[in-house]
Amino acid sequence: MRRLIIALALVVVIIFWASDTLGTPQPVPEPHFYTTTGWDLTPTGMLIVGYDLNDNGRPDYFTLRIVVRSYFSVESVQTTVDNCPENVVFFVNYGEDRYFYITDQKPLFYVFDEDEDGHWDLIYKDVLTDGVNGNESFYDSPSRKYSVGGSVE
Ligand SMILES: [Ca+2]
Ligand SMILES: [Ca+2]
Ligand SMILES: [Ca+2]
């Protein structure tokens, strides 16, 4: 638990640092999955995972992954994970069966909802889906909090 708090504190520090130095929050590496506030599918079929970076119980950061395949199976979760070493495995239990969503290892989009109102404030796209390493680019600001072509390169 202490390690989790330290990790969250680090994330918050990084966000404040990025906000102060650049004026716009930069994508942060995805926190551990066990800290997620939940996951779901978007209307476009991507898998979205929510995180609560400021630890107030409401999601403020999201990642979106491409679903490479999804299917019903009686396979165990461990077997599926072992069979998909290059992917992340999500699943929903349905009695004896499970519905699996096999996604890309890394997200395609990183999303901030700073005021946690469900209206996304800042979206970054990581075309190479190689994790947060500085090559993510501004994609959109649906809430218009950050103007298109503003301070973000
Ligand atoms: Ca929050
Ligand atoms: Ca918002
Ligand atoms: Ca990247």
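## Exercises on a predicted model

Along the sequence, the protein chain of this predicted model reads α-β-β-β-β-α-β-β-β-β-β.

**Exercise 1.** State how many helices and strands the protein chain has, and what share of its residues count as buried.

*Solution.* Start with the elements. The chain holds 2 helices and 9 strands. Now turn to burial. The chain has 153 residues, and 19% of them count as buried.

**Exercise 2.** Work out the strand order of the open sheet of 3 strands, and find its edge strands.

*Solution.* The order is 4-6-5, and the pairing is antiparallel. Strand 4 and strand 5 (87–94) pair on one side only, which makes them the edge strands. From one strand to the next, the twist averages 15°. Next, look at one pairing. Strand 5 and strand 6 (residues 97–104) run antiparallel and are joined by 8 bridges. As one example, Val89 has Ile102 in strand 6 as its bridge partner.

**Exercise 3.** Locate Val74, then decide whether Val74 is buried or exposed.

*Solution.* First, the place. Val74 sits in the loop between strand 4 (67–73) and helix 2 (77–83). Second, count neighbours. Val74 has 9 other C-beta atoms within 10 Å. A residue is exposed if that count is 12 or fewer. Therefore Val74 is exposed.

**Exercise 4.** Which residues does Val74 touch, leaving out those up to four places away in sequence?

*Solution.* Val74 touches Glu96 and Asp97. Check the second one by distance. Val74 and Asp97 are 23 residues apart along the chain, yet their C-alpha atoms are separated by 4.7 Å.

Conventions
Residues are numbered from 1 along each chain as its sequence is written. Chains are lettered from A and ligands numbered from 1 in the order in which they are written. This is a predicted model: local features need pLDDT of at least 70, side-chain atom pairs count only at pLDDT 80 or more; totals for chains, interfaces and linings use all residues. Helices (H or I, at least four residues) and strands (E, at least two) are DSSP runs, numbered from the N terminus. A residue is buried if 20 or more other C-beta atoms lie within 10 Å of its own, exposed if 12 or fewer, and partly exposed in between; C-beta atoms are placed from the backbone. Two residues are in contact if their C-beta atoms, placed from the backbone, lie within 7 Å. Two strands pair if DSSP finds at least two bridges between them. Axes are lines fitted to C-alpha atoms, for helices over the stretch in contact, and angles run from 0 to 180 degrees between N-to-C directions.
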